[in-house]
Amino acid sequence: MLQIDNKFNVGQEVYVIQKCRVKEVCPACNGEGNKIIDGYKFNCTLCTGFGFLNPRKKKEYQVVGLNTITLVKTITQLQGKELVPQTVITYNVKNEEGTLREVPEHHLFTDGEEAIKYCALLNKEVEE
């Protein structure tokens, strides 16, 4: 019988990281999305009312929140020329809004600080 050592279990809360667009607060409206001129409210023309800028649409790894594991999946695949079996572990996680998604094990953390450190490491590797 094949035994798989997974790091996390169903029902466990974990921090999830993923590559997301970098949001920069709009300097013209300070993230408000609008300006008040002579008592009238206008959408900010720089950020078009969103409050954030995405000038380069740059993406970087970020902690996207605390999610709950709902399912552990294992898939054994044959890798390389020698067709060596390799087990891949993924997890279905659910966020507070109830959205489910599949996440690889190396993008899950029990400690938020560790998740932030790992994001910084990944982002530094991308810049170099």
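A: What follows treats the sheet, then the loops beside its strands, and lastly the cysteines.

The structure is a predicted model, in which local features need a pLDDT of at least 70 and side-chain atom pairs count only at pLDDT 80 or more, whereas totals for chains, interfaces and linings use all residues. Residues are numbered from 1 along each chain as its sequence is written, and side-chain values rest on heavy atoms, with hydrogens and water left out.

In general, the strands of a sheet pair through backbone hydrogen bonds, in a parallel or an antiparallel manner. Here, five strands make up an open sheet with antiparallel pairing, and their order is 8-7-6-1-9. Strands are DSSP runs of E with at least two residues, numbered from the N terminus, and two of them count as paired if DSSP finds at least two bridges between them.

Strand 6 (residues 59-79) is joined to strand 7 (residues 84-94) by eleven bridges, and the two run antiparallel. Within this pairing, T68 stands opposite K94 in strand 7, and V72 has Y91 of strand 7 as its bridge partner. The two strands form a hairpin with four residues between them, and G80 in the turn has a positive phi of about 75 degrees.

Strand 6 is also joined to strand 1 (residues 13-21), again antiparallel, by nine bridges. With a relative accessible area of 22%, G65 is partly exposed. On the scale used, buried means under 20% relative accessible area, exposed over 50%, and partly exposed in between, with a 1.4 Å probe and protein chains only. From C-alpha to C-alpha, G65 and A120 are 16 Å apart in space, and they are 55 residues apart in sequence.

The loops also deserve attention. Most residues other than glycine have a negative phi. D38, in the loop between strand 3 (34-37) and strand 4 (40-43), has a positive phi near 50 degrees although D38 is not a glycine. D38 is exposed, at a relative accessible area of 73%. T48, in the loop between strand 4 and strand 5 (52-53), likewise has a positive phi, of about 55 degrees, and is not a glycine. T48 is exposed as well, with a relative accessible area of 52%.

Lastly, the cysteines. A disulfide is a covalent bond between the sulfur atoms of two cysteines, and it is counted here when the two sulfur atoms are within 2.5 Å. The structure holds zero disulfides. For C20, the closest cysteine sulfur belongs to C119 and is 8.7 Å away, which is too far for a bond. C20 counts as buried, at 16% relative accessibility. For C44, the closest cysteine sulfur is that of C26, at 3.8 Å, also too far for a bond. C44 is buried, with a relative accessible area of 1%.
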